[in-house]
Amino acid sequence: MEQKYEQAHTLFKNKVAIITGAGQGLGQAYAQALLDRGACVVISDLGTDRLGQGSNQSLIAETAHALNAYDGQLISHCGRLDQEMGCKELIELAIEKFGALDILIHNAGWVGYQQIEDQDNDFLERAMGINVFAPIWLSKYAWEHLKQSSSPRIVLNTSDRAMYQQYAQSGLVAYAAGKMAQVGIMNALSKEGESFGILINAISPVAKTRMWGIKQPSENLKPEWVTPGVLYLASPLCKDTGVILRASNSQFTATRFCENADVIYPENLARIQCLSMEEVAQNWQRIKEFRG
């Protein structure tokens, strides 16, 4: 048992990880866990407000000071990741400082509510910038370095609020669009990374952080209770790709969008054939049978 414990705590020894949105909450918890296990970590956070606006360089500096790290084990970054050059700069910073890259955890994001009739372009662009552009640009510049890693891992971030209609909330159109986009990015990159051994998965975390308006530590839904799942996805122990790991209150369940049996895509969906709108209507109850 002790030998397995020691092995688990050496999995990240000298691995190089980038964590975005690491100034508070989940990202900070991930950073400390990786540092505790011997990883070299680059933490990045622009220090925006709860609507994804503005910047505060002191936030990530204070986080770096608060984290328990050995000399030379941790560096911080404050820059925009919704732009290609900002993402390129972050990757280059990790390579310049540590000479390699093994793990990319894109945790950055924000929750903003705006009803569809009030939706404006600036709000939508902020949501798309951090949820769509950032993971793509980060992956682009990380790719050549991840290909050289012995266990390259990317962990993206999605949300139950986007994936499941029963958990959706009014006003979260932009947020849901960005979080579902990361599922598509994960799926596409998981295929692109197969031949290089680059595994891309996603975490769907539930934790009471600044996004909830929480200012004091919570008694439940703690960020550190999500951390074990993220560590697993980022570790050599994980052999899967294209999987969504849901995490809440130290409980974990994996999911993905799975095809029905016997489908020959795209010619044969192996389901209900209809040649008219009326036939679709007549067979609707059978058509909408959701299979687990």
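## Exercises on a predicted model

Glu92 has its place in helix α4. Keep in mind that this is a predicted model. Let's work through some exercises together.

**Exercise 1.** Is Glu92 buried, partly exposed or exposed?

*Solution.* Start with the relative accessible area of Glu92, which is 41%. Next, recall the cut-offs: buried means under 20%, exposed means over 50%, and partly exposed is in between. Glu92 is therefore partly exposed.

**Exercise 2.** Find out which residues of helix α3 are buried and where they sit around the axis.

*Solution.* First, locate α3 at residues 57-66; Leu59, Ile60 and Thr63 are buried there. These residues span an arc of only 90 degrees around the axis, so they lie on the same side of α3. Now turn to the other side of the helix, where Gln57, Glu62 and His65 are exposed. Finally, ask what the buried residues pack against: the partners are α2 (25-36), β2 (40-44) and β3 (74-77).

**Exercise 3.** Work out the strand order of the open sheet and name its edge strands.

*Solution.* Follow the eight strands across the sheet, and you get β3-β2-β1-β4-β5-β6-β7-β8, with mixed pairing. The edges are β3 and β8, since each of them pairs on one side only. From one strand to the next, the twist averages 20 degrees.

**Exercise 4.** Describe how β2 pairs with β3, and how β7 pairs with β8.

*Solution.* Take β2 and β3 to begin with: they run parallel and are joined by four bridges. Then move to β7 (residues 244-248) and β8 (residues 251-255), which pair in the antiparallel sense over five bridges. Here Arg246 stands opposite Thr253 in β8. To finish, check the connection: β7 and β8 form a hairpin with two residues between them, and Asn249 in the turn has a positive phi of about 55 degrees.

How values were computed
Residues are numbered from 1 along each chain as its sequence is written. This is a predicted model: local features need pLDDT of at least 70, side-chain atom pairs count only at pLDDT 80 or more; totals for chains, interfaces and linings use all residues. Side-chain values use heavy atoms; hydrogens and water are left out. Buried means under 20% relative accessible area, exposed over 50%, partly exposed in between (1.4 Å probe, protein chains only). The arc is that of the directions from the helix axis to the C-beta atoms. Contact means heavy atoms within 4.5 Å. Two strands pair if DSSP finds at least two bridges between them. Axes are lines fitted to C-alpha atoms, for helices over the stretch in contact, and angles run from 0 to 180 degrees between N-to-C directions.
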